[in-house]
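Please keep the sequence and the model in view while reading.

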Protein chains: 2
Amino acid sequence: MALKDIYATSLSLLTDLYQLTMAYGYWKSGKAEQEAVFHLYFRKNPFTGGYTIAAGLEHVVQYLQDLRFRDEDLAYLASLKGSQGQPLFEQGFLDYLRNMEFSCSVDAVPEGTVVFPSEPLIRVTGPLLQAQLIETPLLTILNFQTLIATKAARIVDAAKGDQVIEFGMRRAQGIDGALSAARAAYIGGVSATSDLLAGQHYNIPVRGTHAHSWVQAFDSEEEAFEAYGDAFPQDTVFLVDTYDTLEGVKKAISTAQKLGPKGFKLGGIRLDSGDLTYLSVEARKLLDAAGFTDTNIVASNDLDERLITHLKQEGAKINVWGIGTKMVTAYDQPALGGVYKLAALRTEQGDWEYKIKLSEQLVKTSNPGKLQVRRYMDDSGYMADMIYNQLESLPDHLRIVDPLDSTRRKSIAPDTKYKELLVPVFEQGKLTYTLPDLQSIQATAKEELSKLHESIRRYLNPHSYPAGLEESLHHYKTALILKLRNE
Amino acid sequence: MALKDIYATSLSLLTDLYQLTMAYGYWKSGKAEQEAVFHLYFRKNPFTGGYTIAAGLEHVVQYLQDLRFRDEDLAYLASLKGSQGQPLFEQGFLDYLRNMEFSCSVDAVPEGTVVFPSEPLIRVTGPLLQAQLIETPLLTILNFQTLIATKAARIVDAAKGDQVIEFGMRRAQGIDGALSAARAAYIGGVSATSDLLAGQHYNIPVRGTHAHSWVQAFDSEEEAFEAYGDAFPQDTVFLVDTYDTLEGVKKAISTAQKLGPKGFKLGGIRLDSGDLTYLSVEARKLLDAAGFTDTNIVASNDLDERLITHLKQEGAKINVWGIGTKMVTAYDQPALGGVYKLAALRTEQGDWEYKIKLSEQLVKTSNPGKLQVRRYMDDSGYMADMIYNQLESLPDHLRIVDPLDSTRRKSIAPDTKYKELLVPVFEQGKLTYTLPDLQSIQATAKEELSKLHESIRRYLNPHSYPAGLEESLHHYKTALILKLRNE
């Protein structure tokens, strides 16, 4: 079946088999409707960076709105057999799925918000079966888009005001890898994409130059440039390295001079190989000498935040950056290790029971409760984040415990301004959140980053932003770990 | 617009803007219908390995079969403006696109075939405009699936006959990142996937265990195991590390003993953290002592071919490997650098003109002609590959030139058995190829790998498989480079 048709029908089986086997187990053991709280969070900022940009919520919302088991999904589940040939699932369970309507409450951090390790990006409250079932798609969508938005933000930061254009489709991990990366990169601050499908559906500005094959298809480079200039008289960018880069620059200039009287304007030249510092400096001289002082120098060739910083330090005269592979695959760390953990379960008596998952490594032990994140700020920006349990009342004197050294605590002055990061998205299955458009999300990310101290945005060895557990939650968690370890 | 709806309508804009601007340029300069030959190939085996497994052709075929510009695509293109507000494309060009029917001939290496650097995975012959337009989607699809099939083959090889199960959906790069990775990993030799959507649509066996949250949702680990065992009496795998791994193993055993009389069979236990060698050895002892000698030990936790090899060398008692992130994102090299280059163009006189793209690095200079790959073999396996130009006649005495050292040449004895790698897929736009099912493709890959010498399959420092240009093509290319450099 073609990919197109898969997407066109139903994505309800976009999950791991074990979500369905657990769902069946919960159904059989009478726990399907027990109220549960799950959090989706990550444990480390990607790229050894100091921050992360939340992205992907819109796709999560679309997925959840469309979540229901159709006949073909149920037929497939009915066809699954155990090793003895018996059906894996009873018909009663499949009927339950057929009638299931999504009824969880979902709170989430708006897209474009800066977030830090252990902070829930999404909190799901609702029937255990449903809240468990959606683990995998939520992780797939948010892990990837959050990763790429963060990577893009780092690259845009390194470009220091220069335009950054995403054109990684050909190296992306599949079709949605390209589409979602274009969306997330735009959130992270790129100006445009080369991806027409992303342009069409997400209203992202599209940009492009031409390929080497264009030049090869003509008898000479001059002829190729002239034909392209005839077709696109405005702001055209010539790729100059098909044969010899600096000769290519000269031909771009002579073409522009020749076509100038017809109204042609040379938008830029693009370098795609070789020593970009040397070539851009020499190209700038040639362009300036010919009066093309406004002409951009676009560079591409496996660039990322480290290389951009390095090229700038070397004095490269590049002012537009075309970024592909390294951004759309997050090459130096191609996955964000986001997880989805059970944190509370309501007993038959109606009380909440808090849950954690132990681990040899403390950082891998999950946090109990129904968590919210309070972000404190003053006029100069964000100061600290406090993760706390909304089901318990807060003490009068608030302190945040350093997650890496619990003997370090930070007191919060009583009148400090704050905002709560998680906002309601679904209430008992009903969408209550208005999805912002992509332009607003990009603006949010830009504003959020401006509120982080420069030392936290640094791409190498950044300072740690203070984010930790509220002190009484920390105490509760510690006691729970000790209790479970002693059992 | 939801992802589902994007895919449901048209993927014809799944390409870079510059493909459309070049198309417009070709249309305007009267070159749209000029016959061209393009090759899609990569320059280096991924993962510093010795081979690559071709994958993704089925999705390419589906994409090309469905390629046509619909009203909404054309409306989007019509809406694109240049910097002065003028439409980017003339109406005549959009009409041309509306009436365009895919009419290229496509030859391709069947999925599952082992391939080597510079060998065309796909050759497209047809109108320049069309052949150029499809560059990006072809690269997106083939780069990714080829990368993952190769990664999976390396991991399966390291597992030395143990089962390998793919369960990386949650860390995949988007929805299609998960789906296509499941498909490609199956081609590379994994036994099953956790991804139900891939199971449903690609008929891949699905497998799974349960999450930590299942254990947390019950008052005790014993209770959790018992409830799961009740729901799934056959071949159930218990995840044992929610609280303490070896205690978990003991509880899995006692549960199996308790449920045994009801017909329960313990399929396996799964380790997901900690020292996998130590824990698997101790778990094996506990299981064997209790008579569960058939029970599998499944391990997961960021594993790849290196770690599997290492664990085996250390004596780990693991016999089923659950692989996620490192396989589905090809973590250590998340992109294959496949490229798509113009190699020949027919002149108005009807002659073929061969084309290359120069580069400072010889490996980046493309090969001219209309290429085919001849693979020589004897009874013990594959011997050498010869890339040659099908538009020229072959000399009597065939020699292959080493791509890294052109003074080294390999003669081919006259009666050596061979096969041609590229087979017809589309003839002038008409599909003539019967797509094999996924099971056959997996079998092809297995057979192909068995024909490579072990030293080429080695995951570290493999031998180089002899693959190079046929001598007269090499001479022609060298002469062409010199001519272009001297111009």
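Predicted model: local features only at pLDDT ≥ 70, side-chain atom pairs only at ≥ 80, totals over all residues.

**Chain A overall**

- Chain A contains 18 helices and 21 strands; these are DSSP runs numbered from the N terminus, helices being H or I of at least four residues and strands E of at least two.
- Along the principal axes, the C-alpha atoms of chain A fill a box of roughly 85 × 60 × 40 Å.
- The accessible surface of chain A is about 17,800 Å², with 48% belonging to carbon and sulfur atoms (Shrake-Rupley method, 1.4 Å probe; for residues, only the protein chains shown count as cover).
- In chain A, 74% of the contacts between residues at least 6 apart in sequence join residues at least 24 apart, where contact means heavy atoms within 4.5 Å.

**Burial**

- Of the 487 residues of chain A, 63% are buried (under 20% relative accessible area; exposed is over 50% and partly exposed lies in between, with a 1.4 Å probe and protein chains only).
- Cys104(A) is buried, at a relative accessible area of 0%.
- Cys104(B) likewise counts as buried, at 0% relative accessibility.

**Annotated domain**

- An unreviewed UniProt entry lists residues 373-477 of chain A as "domain: Nicotinate phosphoribosyltransferase C-terminal"; positions follow the numbering used here, feature names are shortened, and annotations may be inferred rather than shown by experiment.
- Residues 373-477 of chain A are 23% helix and 34% strand, with the end C-alpha atoms 16 Å apart.

**A sheet in chain B**

- Six strands of chain B form an open sheet in the order 7-6-11-10-9-8, with parallel pairing (two strands pair if DSSP finds at least two bridges between them).
- Its edge strands, each pairing on one side only, are strand 7 (192-193) and strand 8 (236-239) of chain B.
- Strand 8 of chain B pairs in the parallel sense with strand 9 (residues 266-271) of chain B over four bridges.
- Phe238(B) stands opposite Ile269(B), which lies in strand 9 of chain B.

**Relation of the copies**

- Chain A superposes on chain B by a rotation of 180 degrees with 0.0 Å of shift along the axis, at an RMSD of 0.0 Å (least squares on the C-alpha atoms of residues with pLDDT of at least 70 in both).
- That is the relation of a two-fold axis.
- The copies meet through the same surface, because 100% of the interface residues of chain A are also interface residues in chain B.

Conventions
Residues numbered from 1 in each chain as written. Chains lettered and ligands numbered in written order. Heavy atoms only, no water.
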